[in-house]
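Here are a few notes to read alongside the structure. I hope they are handy as you look through it.

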Amino acid sequence: MKRLFAAIALAAAAAASFAQGTSTSPAQGYPGKPITLVVPFAAGGPTDVVARALGQAMTRTLGQAIVIENKLGAGGTLAAGYVAKAAPDGYTLLIHHNGMSTAPALYRKLAYNPLTDFEYVTQVVDVPMTLLGRKDLPAKDLQELIAYLKANAAKVNLAHAGLGAVSHLCGMVFRQAIGVELQTVPYQGTAPAMNALLGGQVDLLCDQTTQTTQHIKAGSVKLYGVTTRERIKALPDAPTLQEQGLRNFEVVVWHGVYAPKGTPKEVIDKVNAAVRAALKDPTVIQRMSELGGEIVPESKQTPEALRGWLKTEVDRWGPVIRAAGVYAD
Ligand code: MLT
């Protein structure tokens, strides 16, 4: 009998060790092929700049190419909807900004729920915005601009990247702050909106420093102010809108990385580790600091922190947007 028990125990141990040896965790071998990082706006624009800087550094850590796919349209909601429905295998990721939190109130028929249809990887970079005018706009500073807009509201237009874009949000906050209705012109990203501003086809654009710094430094646009509370290191001479009298005017763009709901935790952990490594990469640090982007502190570089922040932002913007009655059907 003893011998029988011993044989059974031996067989059980062998089975267990065989099972251990052959079981595969979802993250084993990941990534075994290139990863697509979906950007909701046009190539060359601010979100794309952050995505490409991260992607290059992540490629070095993961040993697989990070392919940037610009999926344009509907203020970033097409891209988010696409990723929400992609296979949850870690090969399709999304980078997005504040638009993740404003879309549920702005779009009555949103094809996804930002709070339930994703896995959350991490927050990445916060970016200030700048209010710009075309180079030959007659107003020299913010006070002159406000006077000019009050006198010429009907013929001035403001470019933006669609309902849900931060350029739209910033433009609306500005419009409300000065009490002037401006015509708006939508583009599929602020890269084409900036081209229109440089070409003089539009008058105003509120856009992120990750795209605007180079044009401000080159003197090819007029700068009316920065949207942060304090002046920023990348543009130390640029006054804030607050210090010029627009009290409480503050818009900061935050970015996060997402994966489709159901992506295994081990895969999310690997992507999170690669993004965190990218955020410590000297090339990324230097590029972001030149362009005014601030890498988020380590306490925000977790899935839980991104999920919590997104929920706070959804709760913050929902009532404001609904009260303003701005929405797309
Ligand atoms: C872009 O990348 O084009 C911008 O982030 C769009 C926007 O203004 O939200």
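1. Y112, F118, Y120 and Y258 are joined into a cluster by ring pairs (Phe, Tyr or six-membered Trp rings with centres within 6.5 Å; planes under 30 degrees apart are stacked, over 60 edge-to-face, the rest tilted). Five aromatic pairs occur in the structure. One of them is Y112 with F118, which is edge-to-face because the ring centres are 5.9 Å apart and the planes meet at 85°. Y112 and F118 are both buried (under 20% relative accessible area with a 1.4 Å probe, protein chains only; over 50% is exposed, in between partly exposed).

2. A word on the basis: this is a predicted model, with pLDDT of at least 70 needed for local features and 80 or more for side-chain atom pairs, while totals for chains, interfaces and linings use all residues. Numbering starts from 1 along each chain as its sequence is written, and side-chain values use heavy atoms, without hydrogens and water.

3. Do look at helix α2 (residues 46-62) against helix α9 (residues 265-280): their axes lie 8 Å apart at an angle of about 120°. Helices here are DSSP runs of H or I, at least four residues, numbered from the N terminus, and axes are lines fitted to C-alpha atoms over the stretch in contact, with angles from 0 to 180 degrees between N-to-C directions.

4. In α7 (residues 190-198), the buried residues are T190, A191, A193, M194, A196 and L197. Just after α7 comes G200, with a positive phi of about 75°.

Conventions:
Helix = DSSP H or I, 4+ residues; strand = E, 2+ residues; numbered from the N terminus.
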